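Open the model in your viewer and keep the sequence panel beside it. This tour tells you what to select at each stop and what you will find there.

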Amino acid sequence: MPQPDAPRSTIDADEVAKFEAMAAEWWDENGKFKPLHMLNPCRLGYITDQIAAQFERDLSARKPFEGLRILDIGCGGGLLCEPMARLGATVIGADAAPRNIPVAQLHAEQSGLQIDYRHTTAEDMAAAGEQFDVVLNMEVVEHVASPIDYLTACHDLLRPGGLHICSTLNRNAKSFGMAILGAEWVMRWLPKGTHDWKKFITPDELFDLLKRAGLTPVDRKGMVFNPISWSWSLSERDLSVNYVTASLRPERVTL
């Protein structure tokens with residue numbers, strides 16, 4: 001009897017190696033992940049607002065996300081997993097870079113948080129039949145070998161009615177200047193070569209990929225850095241560099 005095909009891997013080994021080399025610095029706010037620490041309050045605000053709206057949760061409650069199962073794909077050191085756990089969610093963090101997992105586990109333990117961290121991939125979890133209310137996919141899609149296969153796995157990981165939040169970088173001259181020349185060469189916030197500009201994805205391209213993966217895009221916003229206030233904020237109109245999207249797995253159709 002023929003065996004079913006194994007899920008196609010979307011892992012780009014060179015991309016994984018880049019982040020594995022920086023694993024020990026995930027929680028150093030002035031280290032190689034300084035840009036993510038600076039961006040985190042902005043993207044957390046978007047994530048919590050979208051989850052609260054989709055699942056009718058009151059963010060002023062003590063644990064508003066209690067009862068929700070949330071997956072953070074490409075969790076790194078747990079910068080998003082920990083706040084989700086504090087809000088009451090059951091959190092699973094998955095990463096293809098094995099050295100990230102013990103870093104995340106240790107920090108969660110020191111913080112008194114229970115988070116299920118796993119060295120695995122989106123496609124392997126989907127093949128195992130795992131499902132979640134929310135899948136967070138932040139600054140990952142520009143690092144995978146096949147965005148459409150990766151997003152299809154994210155779709156399969158969602159329960160019907162589930163929420164998918166995906167952020168990435170636009171592909172244009174401005175993003176090259178800010179994300180590559182500025183962040184990597186001038187400010188040296190990230191090691192040179194962290195990003196490959198050719199793998200950046202425009203908002204229209206991402207919406208098309210999400211639709212092809214079976215998801216329904218419902219929102220997109222820019223995340224804009226202000227060099228004067230030295231802070232990030234959401235923008236309805238400026239998606240020229242960093243941006244974030246929300247999409248849903250449609251409910252099952254009953255006849």
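Begin with the charged side chains: this predicted model holds twelve salt bridges.

Select Arg43 and Glu139. They form a salt bridge, with the closest N and O atoms 2.4 Å apart. Now trace the chain between them. Arg43 sits in helix α2, Glu139 in the loop between β4 and α6, and the two are 96 residues apart.

Next, select Arg159 and Asp133. Their salt bridge has its closest N and O atoms 2.9 Å apart. Arg159 belongs to strand β5 and Asp133 to strand β4, so the pair ties together parts that are 26 residues apart in sequence. Colour the two by accessibility. Arg159 is partly exposed at 32%, whereas Asp133 is buried at 12%.

Then select Arg69, Asp116, Arg118 and Glu130. Salt bridges with shared partners join these four into one network. One of the links is between Arg118 and Asp116, at 2.9 Å from N to O. Asp116 is partly exposed, with a relative accessible area of 32%.

**Into the core**

Select Ile51, Ile70 and Met84. These residues have the most contacts inside the largest nonpolar core, which has 39 residues. Which elements supply at least two residues each? They are helices α2 (34-55), α3 (81-86) and α4, along with strands β4 (132-138), β5 (158-169), β6 (216-226) and β8 (242-248). Helix α2 gives the most, with eight residues.

Stay on Ile70 and show its surroundings. Leaving aside residues up to four places away in sequence, Ile70 touches Ile51, Phe65, Met84, Ala89, Thr90, Val91, Ile92, Phe132, Val134 and Leu136.

There is a second, separate core of 28 residues. To find it, select Ile73, Val140, Val141 and Tyr150, which are among its members. In soluble globular proteins, nonpolar side chains tend to be buried together.

**Down a helix axis**

Select helix α4, residues 100-110. Its buried residues include Asn100, Ile101, Ala104, His107 and Ala108. Turn the view to look down the axis: the buried residues of α4 fall within an arc of 135 degrees, so they line one face of the helix. An α-helix has 3.6 residues a turn, so residues three or four places apart point the same way. Now look at the other side of α4, where Glu109 and Gln110 are exposed. Move on past the helix to Gly112, whose phi is positive, near 70 degrees.

**Rings**

How many aromatic pairs does the structure hold? There are two. Phe225 and Trp232 form a tilted pair, 5.4 Å centre to centre with 50 degrees between the planes. Phe225, Trp230 and Trp232 form one aromatic cluster. Phe225 is buried at 15%, while Trp230 is partly exposed at 41%.

For the last stop, select Phe207 and Arg220. Arg220 lies over the face of the Phe207 ring, at 4.7 Å from the ring centre.

Conventions: Residues numbered from 1 in each chain as written. Predicted model: local features only at pLDDT ≥ 70, side-chain atom pairs only at ≥ 80, totals over all residues. Heavy atoms only, no water. Buried < 20%, exposed > 50% of the residue type's maximum accessible area, 1.4 Å probe, protein only. Helix = DSSP H or I, 4+ residues; strand = E, 2+ residues; numbered from the N terminus. Arc of directions from axis to C-beta. Phe/Tyr/Trp six-rings, centres within 6.5 Å; stacked < 30°, edge-to-face > 60°. Lys NZ or Arg CZ within 6 Å of the ring centre and 35° of its normal. Core = buried A, V, L, I, M, F, W, Y, C linked by side-chain atoms within 4.5 Å. Contact = heavy atoms within 4.5 Å.
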